[in-house]
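Please look through the sequence and the three-dimensional structure shown here before reading on. The paragraphs that follow lead from one part of the fold to the next.

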Amino acid sequence: GSTIRATSSSSSPSTTIAEPEGIKINSIPTKPIEGQKTGTSGLRKKVKVFMQENYLANWIQALFNSLPPEDYKNGLLVLGGDGRYFNREAAQIIIKIAAGNGVGKILVGKEGILSTPAVSAVIRKQKANGGFVMSASHNPGGPEYDWGIKFNYSSGQPAPESITDKIYGNTLSISELKIAEVPDVDLSKVGVTKFGNFSVEVIDPVSDYLELLETVFDFQLIKGLLSRPDFRFIFDAMHAVSGAYAKPIFVDKLGASLDSISNGIPLEDFGHGHPDPNLTYAKDLVNILYAENGPDFGAASDGDGDRNMILGKSFFVTPSDSVAVIAANTEAIPYFKDGVKGLARSMPTSGALDRVAEKLNLPFFEVPTGWKFFGNLMDAGNLSVCGEESFGTGSDHIREKDGIWAVLAWLSIIAHRNKDKKPGEKLVSVSDVVKEHWATYGRNFFSRYDYEECESEGANKMIEYLRDIVSKSKAGDKYGSYVLQFADDFTYTDPVDGSVVSKQGVRFVFTDGSRIIYRLSGTGSAGATVRVYIEQFEPHVSKHDVEAQIALKPLIDLAISVSKLKDFTGREQPTVIT
Ligand code: G6P
Ligand code: ZN
């Protein structure tokens with residue numbers, strides 16, 4: 001192995017600290033930069049902030065300073081991203097610092113491209129020590145917009161809070177960067193480049209991931225559906241990373257027509273778009289599905305390919321319903337042929353999944369917002385299918401949510417239901433599947449109101465105010481026609497490692513099962529985003545065919561008045577409703 005010996009220097013800003021097998025490693029003095037604390041998933045800032053001198057380098061070095069040496073020395077790391085602006089420069093910086101800290105080899109997606117689920121898949125398949133994702137997920141990209149970086153661990157899951165807290169601590173005391181003096185690596189060609197005993201291998205971003213998906217799903221079954229003349233499919237890659245996967249998977253492997261992929265080329269600024277697959281930001285796709293004679297199935301994915309939105313003809317599947325329907329229909333997916341170990345959702349996600357778990361008698365878990373909380377349950381063999389209201393759905397085939405997996409899961413369900421249908425026979429549609437599900441399990445009406453980029457002060461005060469109400473509340477308190485069962489600020493104890501996280505969202509749960517939940521987003525890059533989640537259960541099928549906004553109106557009004565949201569935030573209307 002290479003030993004790095006520090007030599008002292010006072011005059012030159014950069015000092016050679018070692019020359020292990022042909023690479024020169026420079027010690028560059030640096031100073032702590034404030035505000036490098038990671039949120040729900042990684043560090044996200046305006047790209048201009050990241051482009052400031054040493055901003056990214058400091059964080060990467062702080063990360064290496066936080067990991068036990070056996071987690072990276074001579075180890076294997078994966079690096080990729082969603083193709084956004086600044087990824088190319090960032091990749092070179094990360095490679096040099098990794099080499100400077102004694103990493104043995106880095107696998108980089110060609111052109112720096114790897115979706116978040118693909119990074120997770122590659123880490124697992126190649127038995128890497130971990131990996132970096134260069135993405136601000138669904139946040140816009142380009143010189144004026146956002147950039148982000150996330151570190152995933154050896155089983156492919158986002159680094160736990162114990163590590164991200166350490167990284168933050170180290171950003172506050174950092175004094176030295178260890179940077180290898182190696183030339184920029186050409187990321188446009190697949191192949192290995194060696195620098196002494198450090199090497200970089202540029203890999204195809206699709207193959208390991210696709211190989212895994214082929215073991216999860218019955219590709220022939222899906223192909224049968226996609227090649228039917230009476231089934232029309234459309235996938236909107238939103239000019240984000242899924243564009244690199246859509247053609248190889250949906251077109252080349254599964255026989256979809258080339259024109260079923262829209263916005264399929266990843267662009268540094270996502271074509272000026274906001275690559276978040278929801279009813280607001282994927283409006284073009286929504287309009288296509290709601291038009292007369294629109295397609296039968298529509299889906300979109302976000303910047304880094306982990307989120308998904310599923311649409312049927314004139315029909316939107318809420319993410320909370322989506323995971324419940326997938327969990328109830330696993331017979332369509334070969335990966336689950338030996339059974340489902342357990343189900344889980346994040347706390348604000350609707351209780352639709354709970355009802356499936358109950359009926360199928362499966363272990364069930366409610367975790368805080370953030371995919372990282374599912375990882376331990378999966379590693380312990382307790383969890384197979386999980387989802388979040390924030391358009392995340394996935395399984396234990398990897399340790400991230402997976403947009404293309406969700407699309408393939410839905411296509412499998414529709415294909416399975418229709419596999420014996422003759423040409424001309426009416427197919428079971430996406431809305432048929434969801435409505436049948438509601439008829440069986442009841443419908444959990446659900447909506448989320450987002451108030452983006454609020455003043456942090458007002459938003460924090462609102463949460464404080466709500467916590468105060470919670471502390472004084474008791475079962476039986478009346479809120480209009482709703483009777484309180486309990487109110488709290490969600491605390492989670494990880495059943496696997498016993499770790500505890502608190503203050504994960506203020507919730508008011510009423511005796512009829514209705515819930516109002518408030519929390520501040522952990523993924524924004526400016527100000528505070530207030531999220532209000534509203535849910536109401538309706539067992540009677542005669543009342544299922546109502547617009548969610550209409551069914552939930554009384555509870556939404558209550559949520560806004562109880563929190564004095566308008567006073568605290570100054571906002572009359574939410575910026576996004578899902
Ligand atoms: C990311 C995370 C998810 C989380 C979502 C919303 O996509 O991976 O696990 O649910 O952000 O987080 P936020 O804190 O913005 O509500
Ligand atoms: Zn994402």
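**A walk through the predicted fold**

Asp 236 has Ser 262 as its bridge partner in strand β12. The names used here follow DSSP: helices are runs of H or I with at least four residues, strands are runs of E with at least two, and both are numbered from the N terminus. The model is a predicted one, in which local features need a pLDDT of at least 70 and side-chain atom pairs count only at pLDDT 80 or more, while totals for chains, interfaces and linings use all residues. Residues are numbered from 1 along each chain as its sequence is written, and chains are lettered from A and ligands numbered from 1 in the order in which they are written.

Asp 236 also has a bridge partner in β13, namely Ala 300. Strand β11 pairs with β12 in the parallel sense over two bridges, and with β13 in the parallel sense over four bridges. Two strands are said to pair if DSSP finds at least two bridges between them. Strands of a sheet pair through backbone hydrogen bonds, either parallel or antiparallel.

Which strands make up the open sheet with mixed pairing, and in what order? Five strands form it, in the order β12-β11-β13-β14-β15. Because β12 and β15 (315-317) stand at the edges with a single partner strand each, one side of each is left without a neighbour in the sheet. Helix α13 packs on this sheet and touches β11, β13 and β14, its direction making about 25° with that of β14. Such contacts require C-beta atoms, placed from the backbone, to lie within 7 Å; axes are lines fitted to C-alpha atoms, for helices over the stretch in contact, and angles run from 0 to 180 degrees between N-to-C directions. Helix α14 (residues 430-441) lies across β13, β14 and β15, and runs at about 55° to β15. Within the sheet, β13 (residues 297-301) and β14 (residues 308-312) run antiparallel and are joined by five bridges, with Ala 299 opposite Ile 310 in β14.

In a regular strand the side chains alternate between the two faces of the sheet. Strand β11 is covered on both faces: Phe 233 and Phe 235 on one side, and Ile 234 and Asp 236 on the other, are all buried. A residue is buried if 20 or more other C-beta atoms lie within 10 Å of its own, exposed if 12 or fewer, and partly exposed in between, with C-beta atoms placed from the backbone.

The chain path through β11, α8 and β12 makes a right-handed β-α-β unit; right-handed means that, with the strands pointing away from the viewer, the path from the first strand over the helix to the second runs clockwise. In the loop between β11 and α8 lies Met 238, which has a positive phi of about 55° although it is not a glycine. Met 238 counts as buried because it has 31 C-beta neighbours inside 10 Å. His 239 is found in the loop between β11 and α8, and its phi, near 55°, is a positive value in a residue other than glycine. With 23 C-beta neighbours inside 10 Å, His 239 therefore counts as buried.

In helix α8 (residues 243-253), the buried residues include Ala 244, Tyr 245, Ile 249 and Phe 250. The buried residues of α8 pack against β5 (105-113), α6 (207-216), β11 (233-236), β12 (261-262) and α13 (403-418). Just after α8, Gly 255 takes a positive phi of about 80°.

A further right-handed β-α-β unit is made by β16, helix α11 (residues 352-360) and β17. Strands β16 (residues 343-346) and β17 pair in the parallel sense over four bridges. In β17 (residues 364-367), Phe 365 and Val 367 form a covered face, whereas Phe 364 and Glu 366 form an uncovered one.

Another open sheet has seven strands in the order β21-β22-β25-β26-β27-β20-β28, with antiparallel pairing. Since β21 (478-479) and β28 (576-577) stand at the edges, each with a single partner strand, one side of each is left without a neighbour in the sheet. Helix α15 packs on this sheet, touching β20 (443-454), β22 (482-489), β25 (506-510), β26 and β27, and its direction makes about 40° with that of β27. Asp 468 is found in α15 (residues 456-472). Is Asp 468 buried or exposed? Asp 468 counts as exposed because it has 10 C-beta neighbours inside 10 Å.

Note on methods: Contact = placed C-beta atoms within 7 Å.
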